[in-house]
Amino acid sequence: MSRHILRRIILLIPMLIGISIMSYGIIRLAPGDPTRMLADPEMLTTEQMEALRVQLGLDQPIQIQYLRTMQSLLTGDLLSFKTRQPVMEMIAERLPTTAGLTAGVLIVGFSLGMVVGVLQALRPSTRLDEALTFFSLFGFAVPTFWLALMLILIFSVRLGWLPTSGIRPTNTAGWDPLAVAPYLVLPTIVLATNLLAIVARYTRSSMLETMGQDYLRTARAKGLSERVVTVRHALRNSLLPVITLLGAQIPYLLGGTVAVETIFALPGIGRLALDSVISRDYPVILTINLFVAVLVLIGNLLADIAYVLADPRVRLGE
Amino acid sequence: MTQATAPSSTMAPAVNRTRVNWGDAQRKRSAIPTWRRLLGNRRIAIGAAVLITMYLIGLLAPWLSPADPNAQILLNRLRPPSTAHPLGTDSLGRDILSRAIWATRISLSVSLVAMLITICVGSILGLLAGFLGGAVDMVIMRLTDMLMAFPIFILLITIVAIYGSGLGLLILFLGFTAWPLAARTIRAEVLSLKHRDFIDAARINGASTARILWFHVLPGVLSVIVVTATLRVATVILIESGLSYFGLGVTPPTPTWGNMASEGRLYLDTAWWITTFPGVLIVITVLAYNLLGDGLRDELDPRRRGR
């Protein structure tokens, strides 16, 4: 068991290297010179442009640039092209907003989603099931940015209940939960709608699949009450696979934060990603990509470990 | 119950037809569903009806559209829905209904072509990884792991922002970034078929790997491919509309639902209809694809039938 986990952790290293090469390749093999985005070429002499390129390390061969970038990334002194601020610092500044938002979304999405899915699976093909299925299909079908705009239209523009932008009232600072909460309500709803739908669907089908298993028939045949059969046998075994969604959902969730943080003007990582993509701030894009990748891989790993720990069949199969 | 006891025969219709002589009564219960049964499924019927309507609107756009989608009449800007402009006009005085009709054509074709790329790449890699196993599987799966660890949306905005967003390029980007999930789903299905008796039987009969993949494995996973494809179109529509919000999708004045909806964001408090209607079209279409995909999955997967 511990060997299995150790092997998985060691496997993460080549994957991260692969991801870093891919991210680096995508942004650096692109035509166009990032120095042109930083300074107006009309204003600088050719010598000054060249000096800027040397300063940014862009005069080196690409593999050297890659290695240097990765080295400074790992030592924490990779600088943004644009602001010359350490990238890690920029991300750390924006982390609380995104972390708070996504934590809320994960909690709301997973807990409500599981409840909805279980409700459906217990009464398949009834009105309730159909209605909830329709609701989760809607959650799948609605574009994040559009849902955000519609909620703003209804709750902020028309009803005036909730603020439309920012993370806290202007001229305040800090993380007073009461002050910050209203600003996170709409963004959380927007991002959780999709997650909830996915979790609900997954839970429903996982539960239905479990309900069809032989061991449930056995449990019933043994004379166990329906309650014991559903709660102890079906529920436990069907909620387990839902855990594996966690890792897979992180990239979508963080992709969603790009739209949500931009629309609601939240100073988070998604917004930073978009800003740095637009200004071609390569070090920042690279770091964010790797940061997300690490989160996803850790999420996947944790989900796998939880799964292996909880399901003896997986363990035996190793 | 009889279906549950004969899973391999229902999973491999090609074998049934070529090698085994089933009675007529048996064939009626085969995995190839009749149109009537498919359309008897409410989700498939509704999904298909909506999508056929949408595709017809897209096809007939030149005849259905009441006005020129790009005709700007600035005197008419930001008019609310009325008899002259049933869905109102946008900030340049263009008729939203006409633009929405033309956008249907573009949004549907972009998503359809991107999906075809996704599903071809995904199917080939999924089949190879699942069936060949070993090093091939290892390499393909690590590649999908890597791509799936990327936030696809951030990856896409990066690619589009850097390489530009012509219609063709956009389709390629959408197609080539969305395949890992398809590949995984198909691989998993192949794995479940790989050790079935009918595959062994084909191998014993001397069939080559290519032949086994094409005649025995592919028919078995076809239903999964169809379902995945249907659901992937939905995703691609959503991603394209999301890119449009940042001005990274299909570039105006060519109308797509995404860029129309995002154009309205500046007028949210004065002209709600600009954003609302195109968004509703996205929701309806994606919903229809999902309904269709769901229904097909229920009908085509023998394990799910009869619930």
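How much area is buried between chain B and chain A, and what percentage of it do carbon and sulfur atoms give? The legends below start with that interface. This is a predicted model, in which local features need pLDDT of at least 70 and side-chain atom pairs count only at pLDDT 80 or more, while totals for chains, interfaces and linings use all residues. Residues are numbered from 1 along each chain as its sequence is written, chains are lettered from A and ligands numbered from 1 in the order in which they are written, and side-chain values use heavy atoms, with hydrogens and water left out.

**Figure 1. The contact between chain B and chain A.**
About 4300 Å² is buried between the two chains, and carbon and sulfur atoms give 76% of this area. Buried area here is the accessible area (1.4 Å probe) that two parts lose on being put together, summed over both. Chain B brings 49 residues to the contact and chain A brings 54, where contact means heavy atoms within 4.5 Å. Between chain B and chain A there are two salt bridges, each defined as a side-chain nitrogen of Lys or Arg within 4 Å of a carboxyl oxygen of Asp or Glu. On the chain B side, helix 6 (42-59), helix 9 (134-149), helix 10, helix 14 (209-245), helix 15 and helix 16 each supply at least two residues that touch chain A. Helix 16 of chain B gives the largest share, 13 residues. Helices (H or I, at least four residues) and strands (E, at least two) are DSSP runs, numbered from the N terminus. Sorted by class, this side of chain B has 30 nonpolar, nine polar and 10 charged residues; Ala, Val, Leu, Ile, Met, Phe, Trp, Tyr, Cys and Pro count as nonpolar, Asp, Glu, Lys and Arg as charged, and the others, Gly among them, as polar.

**Figure 2. Charged pairs across the two chains.**
Take a look at B:Arg42, which forms a salt bridge with A:Glu130, with 3.0 Å between the closest N and O atoms. B:Arg42 belongs to helix 6 of chain B and A:Glu130 to helix 6 (residues 127-141) of chain A, so the pair joins two chains. B:Arg42 is exposed at 57% relative accessibility, whereas A:Glu130 is partly exposed at 32%. The cut-offs are under 20% relative accessible area for buried and over 50% for exposed, with partly exposed in between (1.4 Å probe, protein chains only). A:Arg201 also forms a salt bridge with B:Asp294, again with the closest N and O atoms 3.0 Å apart.

**Figure 3. Salt bridges within a chain.**
Over all chains, the count comes to 11 salt bridges. In chain B, B:Asp145 pairs with B:Arg184, and their closest N and O atoms are 2.2 Å apart. This pair links distant parts of the chain, with B:Asp145 in helix 9 and B:Arg184 in helix 12 (residues 179-194), 39 residues apart. B:Asp145 is buried, at 16% relative accessible area, while B:Arg184 is partly exposed, at 33%. In chain A, A:Arg217 forms a salt bridge with A:Asp214, the closest N and O atoms being 3.1 Å apart. These two residues are three apart in helix 9 (residues 214-221) of chain A, so about one helical turn separates them.

**Figure 4. Helix 10 of chain B.**
Helix 10 (residues 152-163) has 12 residues and reaches 16 Å from its first C-alpha to its last, close to the 16 Å expected at 1.5 Å a residue; the expected span is 1.5 Å times one less than the number of residues. The helix is largely enclosed by the rest of the structure, because 10 of its 12 residues are buried. Among them are B:Phe153, B:Leu156 and B:Thr158. Just after helix 10, B:Gly164 takes a positive phi of about 90 degrees.

**Figure 5. Two buried glycines of chain B.**
B:Gly264 sits in the loop between helix 15 (257-263) and helix 16 (272-300), and is buried at 0% relative accessibility. Leaving aside neighbours within four places in sequence, B:Gly264 is in contact with B:Ile274 and B:Thr275. B:Gly295 lies in helix 16 and is also buried, at 0% relative accessibility. From B:Gly295 to B:Asn41 is 6.6 Å, C-alpha to C-alpha, although they are 254 residues apart in sequence. Beyond neighbours within four places in sequence, B:Gly295 is in contact with B:Asn41, B:Arg43 and B:Ile44.
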